[in-house]
Amino acid sequence: MNAFREISSKISAVKLQNRVIALFALVMMTIPLGIGPYPISAMVDVGLYSIVTIGIILLMGFAGQISIGHAAFFGIGAYTSAILTTHYQFSPWLALFLGAALSGGIAAAIGRAMFRLHGLMLAGITLALNLVFYHLVCSMIGLTGGAMGLINIPPLILGGFNFSRSFLTYYMVWIIAIVILGFSLNLADSQVGRTLRSMNTHAGGSENAAQVLGINVNSYKVQILVLSAVYASIAGSIYAHHARVVEPGTFFIPFSVMVVIMALLGGLRSPWGAFLGAGLMIGVREFLWEVMPVFVTGVTGAYELIAYGVILILALLFLPRGLISLFGRAFTKRRATV
Amino acid sequence: MKTDSAVVKDAVTSKKVASDKLLLKVEDVSMRFGVLAVLKGVSFSVPKGNILVIIGPNGAGKSTLLKLISGLLSLQEGEIWFKQHRLSKIPPHRISSLGITQLFQDVQLFSSMSVIENVMVGCHLRTRAGFLSAGLKLPQAQADEQRILKRAMSKLSLVGLEQKAWDNPAGLSWGQQKLVGLARALATGSDLLLLDEPYSGLLADEIDKLNQLILQLQRQGMTILIVEHLTDVLMGIGNQVIVLDYGEKIAEGTPDEIQRNKRVIDAYLGSG
Ligand SMILES: Nc1ncnc2c1ncn2[C@@H]1O[C@H](COP(=O)(O)OP(=O)(O)OP(=O)(O)O)[C@@H](O)[C@H]1O
Ligand SMILES: [Mg+2]
């Protein structure tokens with residue numbers, strides 16, 4: 001029967017996706033063996049941005065909620081880790097966990113208050129959160145070091161490995177990124193993913209239709225906001241231990257906008273898009289700051305923002321579904337998994 | 001419109017089986033949008049297993065009434081009772097879990113999903129897996145997936161569209177889209193089905209098919225509330241008819257009584 005043939009082809013799509021994840025993991029694990037320390041540190045950035053961007057894709061692309069304040073959650077993770085490990089000698093892993101819990105809690109509080117109201121409310125509120133966070137970090141000097149930031153953050157240590165070397169950080173970041181990718185892909189292909197898409201009014205969903213089917217739309221919006229905040233916070237904590245310093249400027253609106261651009265560029269329909277978006281943007285950034293100056297005089301890095309703008313416009317015009325749409329069905333095909 | 005005689009006979013016999021047990025009670029419901037009074041003191045009750053047809057011209061307030069019952073609009077005046085529950089102040093998803101669902105006038109299929117996924121979303125109340133178990137693909141989440149896929153497929157074959165399971169809804173005819181919407185609504189397992197103009201835009205044979213389906217659902221114990229302005233199709237199917245005009249209930253009775261009602265003929269049937 002036709003339906004059964006279809007079902008078996010869905011099963012093979014699931015297997016294909018598992019193989020693609022395995023292949024991707026293998027490639028990412030081999031890369032550091034072939035390249036020097038400098039590209040590795042750029043790849044650490046790609047991994048960290050990807051983790052945040054996966055959350056943005058689930059929030060924006062699936063649930064249809066816009067955030068332009070995720071730098072605040074990234075920052076809450078980073079500062080919680082930095083403060084607890086420098087002032088109070090907490091274990092970095094415990095600090096990472098507490099930062100994620102704090103970010104999730106703040107996201108839940110914001111979500112509960114805001115999702116009763118509709119429209120672009122979340123975009124406005126997350127933007128406000130980002131501004132407030134930045135201001136607090138700058139002004140609570142005793143705790144955060146103010147504009148000077150915090151220094152001497154200890155590196156992450158796991159089983160005798162000291163992650164101060166970017167080689168090891170690379171592995172930790174990418175293992176976490178791939179685990180988060182796997183979790184998010186499972187989510188995307190499950191009833192939770194369908195539920196989120198059903199209420200996405202920007203992509204063929206309908207809140208009314210979802211509600212008469214028994215879906216608690218507000219609760220799902222809160223939960224996906226919390227999840228995306230936790231992702232951002234985990235990335236922020238790792239960032240703090242990797243960079244060993246934090247200062248407020250990192251956690252301001254440009255970061256929030258950057259991850260939204262990465263999500264749009266990579267494609268909102270699949271968590272895979274995050275790696276493409278982050279990879280391209282970091283690639284361009286490194287090219288302008290590090291590669292171009294070898295060939296031309298002048299600070300080409302100053303054209304960074306213009307380049308991002310142009311890339312975004314080109315992508316929206318010619319690849320409205322993002323770079324991911326260039327790839328096959330293993331990445332973008334939506335399935336009822338069996 | 002040719003009425004299928006078998007359909008009429010079914011309807012007549014089912015009139016007898018309808019018990020007196022009330023499932024839904026609408027009491028003196030009024031609704032305004034700003035200065036516009038859309039419903040004015042509407043009351044009626046629906047026994048379990050009945051098919052209630054609400055007819056009325058454009059703008060009579062029919063869709064508004066359905067949205068008040070399903071909770072998508074909040075009640076301003078009056079009360080609505082469903083199985084001993086007072087529905088005012090209950091959010092729509094909770095009303096749905098009590099056993100009421102709705103097929104919208106414009107269906108509102110989820111266009112980013114295949115037909116079967118649309119119906120699987122309708123199985124939401126039958127799933128227990130949350131974010132964590134879905135993300136980790138725990139056995140519970142996988143069991144949920146299999147169970148609701150089966151259930152969705154059976155609802156889809158009930159409406160005769162299992163062959164279209166993996167199609168995009170946008171590629172279906174209007175009539176097929178309505179049937180998918182119906183399958184999705186049935187997947188909830190609700191006791192009360194609110195159908196907003198299910199016949200509009202259907203071809204003659206699709207109308208017959210839908211009639212058969214609705215009567216089949218009634219035989220299975222569902223209570224169905226149909227809103228329409230296509231009167232002749234419905235006279236055959238409902239065992240209780242209400243006529244709305246400018247937000248007022250101007251008549252209630254059996255299809256025969258309504259067709260003879262002077263006020264209805266003047267206000268609606270005559271001019272129609
Ligand atoms: N959300 C709203 N805000 C303001 N006015 C509304 C709203 N919804 C409906 N109305 C108005 O209320 C009146 C009744 O609308 P309703 O949709 O209930 O009518 P209807 O009987 O379903 O008509 P139709 O046969 O065209 O579907 C109309 O005049 C409509 O313009
Ligand atoms: Mg209507």
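In the predicted model, the side chains of Glu117(B) and Arg197(A) form a salt bridge with an N to O distance of 3.3 Å, a salt bridge being a side-chain nitrogen of Lys or Arg within 4 Å of a carboxyl oxygen of Asp or Glu. Between chain A and chain B the count is 2 salt bridges, and 11 residue pairs, both members at pLDDT 80 or more, are in polar contact across this interface. A polar contact is a pair of N or O atoms within 3.5 Å, where within protein one atom must be able to donate a hydrogen and the other to accept it, and where residues adjacent in sequence count only if both atoms are side-chain atoms.

On the side of chain A that touches chain B, at least two residues each come from α1 (2–34), α7 (166–188), α8 (191–198), α9 (207–212) and α10 (217–243), with α8(A) giving the largest share, 7 residues. Helices here are DSSP runs (H or I, at least four residues), numbered from the N terminus.

In total, 42 residues of chain A are in contact (heavy atoms within 4.5 Å) with 42 residues of chain B. The two chains bury about 3500 Å² between them, 64% of it on carbon and sulfur atoms, the buried area being the accessible area (1.4 Å probe) that two parts lose on being put together, summed over both. Gln191(A), Val212(A) and Leu213(A) supply 20% of the area that chain A buries against chain B, more than any other three residues.

Over all chains the count comes to 11 salt bridges. One of them joins the side chains of Asp45(A) and Arg285(A), at 2.6 Å from N to O; because Asp45(A) lies in α2 (residues 37–62) and Arg285(A) in α12 (residues 273–295) of chain A, the pair ties together parts that are 240 residues apart in sequence.

Thr86(A) has its place in helix α3 of chain A, and a polar atom of the Thr86(A) side chain lies 2.6 Å from the backbone oxygen of Ala82(A). Leaving aside residues up to four places away in sequence, Thr86(A) touches Leu150(A), Ile151(A), Asn152(A), Ile153(A) and Pro154(A).

Residues are numbered from 1 along each chain as its sequence is written, and chains are lettered from A and ligands numbered from 1 in the order in which they are written. Local features of this predicted model need pLDDT of at least 70 and side-chain atom pairs count only at pLDDT 80 or more, while totals for chains, interfaces and linings use all residues, and side-chain values use heavy atoms, with hydrogens and water left out.
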